[in-house]
Amino acid sequence: MRDIQKVLAVLTSPVRREILGLIWDRELSAGEIAAAFPVTKPTISQHLAVLREAGLAESTAVGTSRRYRARRDALRGLRAALGSAGRWTNADHDPASPERTSADVRTTPVVLAGADVDTSQEATFAAFTDPVIYSRWLGVPVTLQDGRFSCTMEWGTHVRGRYELVCPPELIVMRWDFEDDNVPVPGGEMTGYLRIRPRGSGSRIEVHQLVDTPAQARFMEGAWAMVLGRLEAGVARACDPAEPMPSRPARPKLLPPQANDP
């Protein structure tokens, strides 16, 4: 294991962490890796050079190009070097130090949702990035342009947001909100992480939705259960243009019970 401080410094870059995720169990060329990021190929090449220098990635010459793969053994060595949980402590233990008091730090709960679908990783990813396929399985028209998406559910709730990060065919980071006077959740954009992995002949989709309150958590559990339920039921047909999939008919909102209702 190389110098642990150097390795930890390398891993502070979110781009390098995402690159390691992409090449964790497969070999990719620099061009294939660069296609997953909104940065230039020379920038990705610099990140790959840093990962190789730190011993976290290795490359293999294939013809006139090179292919890259993560060194899992190096990361296992990092875990061993860190040792027990008692060794993972801040260097400065003074709670009143200026560095600590100037930072805004909090822990946010996460709603986890998942589903298995019969479509491939690539097809399932397209179900969230191709507005035609997206509209077919969700059952309502979806617009998606320049990373911004919006739709109006059949009961009238307007959903809109943007894709902050798109790493085909595995990861989408989105910020989104909705307009509805019948939702007991404070407004404001929320962040969700949508990850798709191969599983057998199909794929597994998992959502990590950040929430702030128990009310938000309960609402998001129901919302993502509905969305992933529609995905699981309809994505295979939605990917086949020959399959008819009519939009869902409009319906009234389900109003919350009033205090004087029987």
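The dialogue below concerns a predicted model.

Q: Is Leu51 buried or exposed?
A: A residue is called buried when its relative accessible area is under 20%. Leu51 has 0% relative accessibility, so Leu51 counts as buried. Leu51 belongs to helix H4, which spans residues 41-53.

Q: Which residues is Leu51 in contact with, leaving aside neighbours within four places in sequence?
A: They are Val10, Arg16, Ile19, Leu20, Leu56 and Ala57. Leu20 lies 31 residues from Leu51 along the chain, and the C-alpha atoms of the two are separated by 8.6 Å.

Q: Why is helix H8 described as largely enclosed by the rest of the structure?
A: The same cut-off, under 20%, is applied to each residue. In H8 (residues 131-138), 6 of the 8 residues are buried, and the helix is therefore largely enclosed. The buried residues are Ile133, Tyr134, Ser135, Arg136, Trp137 and Leu138. Their cover includes helices H7 (121-129) and H9 (214-238), together with strands E5 (142-145), E6 (148-152) and E7 (158-167).

Q: Which residues touch the most other members of the largest nonpolar core?
A: Among its 38 residues, these are Phe128, Trp137, Trp176, Leu194, Trp224 and Leu231. H9 supplies the largest share of this core, 8 residues. A second, separate core has 25 residues, including Leu51 and Val10.

Conventions: Residues numbered from 1 in each chain as written. Predicted model: local features only at pLDDT ≥ 70, side-chain atom pairs only at ≥ 80, totals over all residues. Heavy atoms only, no water. Buried < 20%, exposed > 50% of the residue type's maximum accessible area, 1.4 Å probe, protein only. Helix = DSSP H or I, 4+ residues; strand = E, 2+ residues; numbered from the N terminus. Contact = heavy atoms within 4.5 Å. Core = buried A, V, L, I, M, F, W, Y, C linked by side-chain atoms within 4.5 Å.
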